[in-house]
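Student: Could we go through this one together, starting with the packing and moving on to the charged pairs and the strands?

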Amino acid sequence: MIRTERLVLRPPEDRDSPALVAMLSDREVMERLVRDPSVESAERSLVRHRGYRQQHGLGFWAVEFEDKVVGLCGLKPGAENTPIAGELEIGWLFSKPVWGKGVAREAAEASLNWAWENHPAMRVVAITGADHIASQKLMGKLGMSRLADGDFLHPLYEADDPMARSVTFAIARPKPAG
């Protein structure tokens, strides 16, 4: 479990499913990630994220803000068939009521700090849609930089689908003080 000034990040529990399924099936939340989100696609996503934790010992945490689960944020293995396959990937998804309140940044910063303290990776990477400017802005605020050779067509979409156009960001492990 991770505590920040305003948040608690912890492994998702069964009691979180209604809030997380509602978020993951919300068209506006998922518009740049999933074509036609549904309760079924949301439930599959939660199963996949639980699998990361079981198989790799890391995965997205449920994020509590003001005693409510408002999103997911954390670390997972980079997806196969992408430029970040096997690397340590950070990601986040948050419900609309907390957009613009700094929750995503606070959770992502806590996740990065956890990575540096608990994982040997020399860098953390992130991918997002080429037109997902809000996500790219947050990556910049976290100190991540867009990789010049990191643009790619995501294999989940047809090559001519605008959702296929993806970009890669990364941040290097901070150098030890001293």
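**Packing, charged pairs and strands**

Student: Leaving aside neighbours within four places in sequence, what is His 49 in contact with?
Tutor: Once the neighbours within four places in sequence are left aside, His 49 is in contact with Phe 60 and Lys 76, where contact means heavy atoms within 4.5 Å. Please keep in mind that this is a predicted model, in which local features need pLDDT of at least 70 and side-chain atom pairs count only at pLDDT 80 or more, while totals for chains, interfaces and linings use all residues. Residues are numbered from 1 along each chain as its sequence is written, and side-chain values use heavy atoms, with hydrogens and water left out.

Student: And where is His 49 found, and is it buried or exposed?
Tutor: His 49 is found in helix 3, and with a relative accessible area of 11% it is buried. Buried here means under 20% relative accessible area, exposed means over 50%, and partly exposed covers what lies in between, using a 1.4 Å probe and protein chains only. Helices (H or I, at least four residues) and strands (E, at least two) are DSSP runs numbered from the N terminus.

Student: Which residues does Leu 20 touch, not counting those up to four places away in sequence?
Tutor: With those set aside, Leu 20 touches Pro 12, Leu 46, Val 69, Gly 71 and Leu 72. Leu 20 lies in helix 1 and, at 2% relative accessibility, counts as buried. The C-alpha atoms of Leu 20 and Gly 71 are separated by 6.7 Å, although the two residues are 51 residues apart along the chain.

Student: OK, and at what angle do helix 1 and helix 3 cross?
Tutor: Their axes come within 8 Å and cross at roughly 120 degrees, the axes being lines fitted to C-alpha atoms, for helices over the stretch in contact, with angles running from 0 to 180 degrees between N-to-C directions. That angle makes helix 1 oblique to helix 3, because angles under 35 degrees count as roughly parallel, over 145 as roughly antiparallel, 65 to 115 as roughly perpendicular and the rest as oblique.

Student: Is that crossing left-handed or right-handed?
Tutor: The crossing of helix 1 and helix 3 is right-handed; a crossing is left-handed if the near helix is turned anticlockwise from the far one by less than a right angle, and right-handed if clockwise. Ser 17, Leu 20, Val 21 and Leu 24 of helix 1 meet residues of helix 3 including Ala 42, Leu 46 and Arg 50.

Student: Switching to charges, how many salt bridges does the structure hold?
Tutor: The structure holds 14 salt bridges, a salt bridge being a side-chain nitrogen of Lys or Arg within 4 Å of a carboxyl oxygen of Asp or Glu. One of them joins Arg 6 to Glu 106, with the closest N and O atoms 2.7 Å apart. That pair links distant parts of the chain, 100 residues apart, with Arg 6 in the loop between strand 1 and strand 2 and Glu 106 in helix 4. Arg 6 is partly exposed at 33%, whereas Glu 106 counts as buried at 14%.

Student: What does Arg 15 form a salt bridge with?
Tutor: Arg 15 forms a salt bridge with Glu 64, the closest N and O atoms being 4.0 Å apart. The two are 49 residues apart, Arg 15 in the loop between strand 2 and helix 1 and Glu 64 in strand 3. Arg 15 counts as exposed at 57% relative accessibility, while Glu 64 counts as buried at 15%. Arg 10, Glu 13, Arg 15, Asp 16 and Glu 64 are linked in a network of salt bridges.

Student: Last topic: how many residues of strand 9 are buried?
Tutor: Six of the eight residues of strand 9 (residues 165–172) are buried, so the strand is largely enclosed by the rest of the structure.

Student: How many bridges join strand 6 to strand 9?
Tutor: Seven bridges join strand 6 to strand 9, and the two run antiparallel; two strands pair if DSSP finds at least two bridges between them. Thr 128 has Val 167 in strand 9 as its bridge partner. Strand 7 (residues 145–146) is also antiparallel to strand 9 and joined to it by two bridges, with Phe 169 as the partner of Arg 146.
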